[in-house]
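Keep the structure open beside the text and follow along.

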Amino acid sequence: QVQLVESGGGLVQAGGSLRLSCAASGRTFSSYAMGWFRQAPGKEREFVAAISRIGSSTAYADSVKGRFTISRDNAKNTVYLQMNSLKPEDTAVYYCARERSANPYYLPMRSDEYDYWGQGTQVTVSS
């Protein structure tokens with residue numbers, strides 16, 4: 001069983017920065033791509049960023065491109081999301097997730113392509 005635990009959320013002013021962390025249990029962390037998603041009140045969960053197994057490939061939603069950076073440390077079983085130039089519209093619960101299929105040739109960006117999820121961490125950006 002894989003457990004994912006997010007941390008690093010909080011309240012920040014617009015223009016500020018936060019770094020989210022997601023610690024994973026288990027010995028297969030480096031075999032799977034990882035992703036970050038977010039869900040704002042009254043909205044559907046949306047893709048934020050994804051990173052391949054060894055970090056050589058990344059993908060971002062257009063809304064965060066140039067402001068957010070996803071990275072991973074396989075030695076620590078941890079994936080990160082560095083969020084800069086935060087905007088009020090970035091307010092949401094942020095979730096990390098592990099891909100379902102361990103496909104080395106494809107970076108998943110849909111929520112149904114991930115099967116393990118963390119409990120989420122709240123990010124609130126004030127204007």
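The largest nonpolar core holds 36 residues, and W36, L81, M83 and Y94 have the most contacts inside it. Such a core is a set of buried Ala, Val, Leu, Ile, Met, Phe, Trp, Tyr and Cys residues joined through side-chain atoms within 4.5 Å. Buried means under 20% relative accessible area, exposed means over 50%, and partly exposed lies in between (1.4 Å probe, protein chains only). The largest share of this core, 5 residues, is supplied by β5.

This is a predicted model: local features need pLDDT of at least 70, side-chain atom pairs count only at pLDDT 80 or more, and totals for chains, interfaces and linings use all residues. Residues are numbered from 1 along each chain as its sequence is written, and side-chain values use heavy atoms, with hydrogens and water left out.

Now to the charged side chains. The whole structure contains 6 salt bridges, each a side-chain nitrogen of Lys or Arg within 4 Å of a carboxyl oxygen of Asp or Glu. Here are some of them:

| Pair | N to O distance |
|---|---|
| D62 and K65 | 3.1 Å |
| D90 and R67 | 2.7 Å |
| R110 and E113 | 3.6 Å |

D90 and R67 are both buried. By contrast, D62 is exposed, with a relative accessible area of 67%. Through shared partners, salt bridges join R38, E46, R67 and D90 into one network.

Notes. Helices (H or I, at least four residues) and strands (E, at least two) are DSSP runs, numbered from the N terminus.
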